[in-house]
Amino acid sequence: MNRRIIYREQDNKPFHPKFAQLPIKDLAILNFTTENEVRRFYTGELEWIPYSVVELMLDTRIQARNLGIHKISSDEEAFYILYQYFTEIPIADNPRFLHITVAADILNLTEQHIIRKAKEENGLYADQNGENYFIDSQWLIKTYNDTIRNLGIEADIRLANNGKGQVELTIKRKL
């Protein structure tokens with residue numbers, strides 16, 4: 001299919017309207033994989049997807065603010081996600097507590113949603129100045145478990161925080 005792009009002037013600058021959806025070939029370019037491989041995944045022909053595709057999907061959730069990267073791996077027992085955050089995210093003195101930005105990334109929710117939900121469940125903490133909000137890692141694990149349980153997935157979730165911007169989430173699947 002040949003699509004014609006119409007160029008318009010907007011604020012005296014060339015304007016390139018975007019497609020309603022991203023072409024698969026562009027997704028393939030972004031993910032360092034082949035267009036055919038991406039197409040086969042999205043048509044259901046493949047049940048496996050390259051790690052680079054998933055890492056990009058995870059990175060785009062937080063990269064808008066250039067705050068971190070994700071690395072993933074999986075084996076027969078578990079799914080592992082390493083969240084590596086840059087120094088812009090405040091870190092609590094106690095590694096048991098995670099900044100709400102980290103919780104929002106892990107749970108794929110907005111920070112406002114995390115604040116509201118954690119406040120309702122007495123899982124929200126503030127620093128001495130009241131400027132930064134943190135949640136208890138056990139609250140995050142419970143919330144994550146509840147979310148995937150609603151999808152019919154039983155898992156044992158572990159979270160390790162090195163207190164220096166790296167958080168590792170291990171999800172052991174229960175068969």
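Author: Let us begin with Arg-96, which is found in the loop between E4 and E5 of this predicted model.

Reader: Is Arg-96 buried, partly exposed or exposed?

Author: Arg-96 has a relative accessibility of 40%, so this residue counts as partly exposed. The C-alpha atom of Arg-96 is separated by 8.0 Å from that of Gln-138, although the two residues are 42 apart along the chain.

Reader: How should I read the strands, and in which sense do E3 and E4 pair?

Author: As a general idea, side chains in a regular strand alternate between the two faces of the sheet. Here, strand E3 covers residues 68-74 and strand E4 covers residues 78-85, and they pair in the antiparallel sense over seven bridges. For instance, Ile-72 has Ile-81 in E4 as its bridge partner. The two strands form a hairpin, with three residues between them.

Reader: Which residue in E9 is the bridge partner of Leu-82?

Author: The partner of Leu-82 is Glu-168. E4 and E9 are joined by seven bridges and pair in the antiparallel sense. E9 also runs antiparallel to E8, again with seven bridges; there, Arg-158 stands opposite Thr-170 in E9. E8 and E9 form a hairpin with four residues between them, and in the turn Gly-163 has a positive phi of about 75°.

Reader: How is a pair of aromatic rings described, and how many such pairs does the structure hold?

Author: A pair of aromatic rings is described by the distance of the centres and the angle of the planes. The structure holds two aromatic pairs. In one of them, the ring centres of Tyr-83 and Tyr-85 are 6.2 Å apart and the planes are at 5°, so the pair is stacked. Tyr-83 is buried, with a relative accessible area of 1%, and Tyr-85 is buried too, at 7%.

Reader: Why is the pair of Phe-97 and Tyr-125 called edge-to-face?

Author: The planes of Phe-97 and Tyr-125 stand at 70°, with the ring centres 5.0 Å apart, so this pair is edge-to-face; the cut-off for that class is an angle over 60 degrees. Phe-97 lies in strand E5 (residues 97-99) and Tyr-125 in strand E6 (residues 124-126), so the pair ties together parts that are 28 residues apart in sequence. Phe-97 counts as buried at 18% relative accessibility, whereas Tyr-125 is partly exposed, with a relative accessible area of 37%.

Reader: Which residues touch the most other members of the largest nonpolar core?

Author: In soluble globular proteins, nonpolar side chains tend to be buried together. The largest nonpolar core in this model has 29 residues, and Ile-106, Ile-135, Leu-140 and Leu-169 touch the most other members. At least two residues of this core come from each of several elements, including E4, helix H5 (111-120) and strand E9 (166-173). Helix H4 supplies the largest share, six residues.

Reader: Finally, how many cavities of 30 Å³ or more does the structure hold?

Author: There are two cavities of 30 Å³ or more, and the largest cavity holds about 130 Å³ of space. This cavity is lined by 17 residues, of which Pro-90, Ile-91, Leu-98, Val-102 and Asn-161 are the closest to its centre. E5 gives the largest share of the lining, three residues. By class, the lining has 12 nonpolar, five polar and no charged residues.

Notes:
Residues numbered from 1 in each chain as written. Predicted model: local features only at pLDDT ≥ 70, side-chain atom pairs only at ≥ 80, totals over all residues. Heavy atoms only, no water. Pairing = 2+ DSSP bridges. Phe/Tyr/Trp six-rings, centres within 6.5 Å; stacked < 30°, edge-to-face > 60°. Buried < 20%, exposed > 50% of the residue type's maximum accessible area, 1.4 Å probe, protein only. 1 Å grid on protein atoms, 1.4 Å probe; cavity = no way out; pocket = protein on both sides within 12 Å on 5 of 7 lines; lining within 4 Å. Points joined across faces, edges and corners; volume = space filled by probe spheres on them. Nonpolar A, V, L, I, M, F, W, Y, C, P; charged D, E, K, R; others polar. Core = buried A, V, L, I, M, F, W, Y, C linked by side-chain atoms within 4.5 Å.
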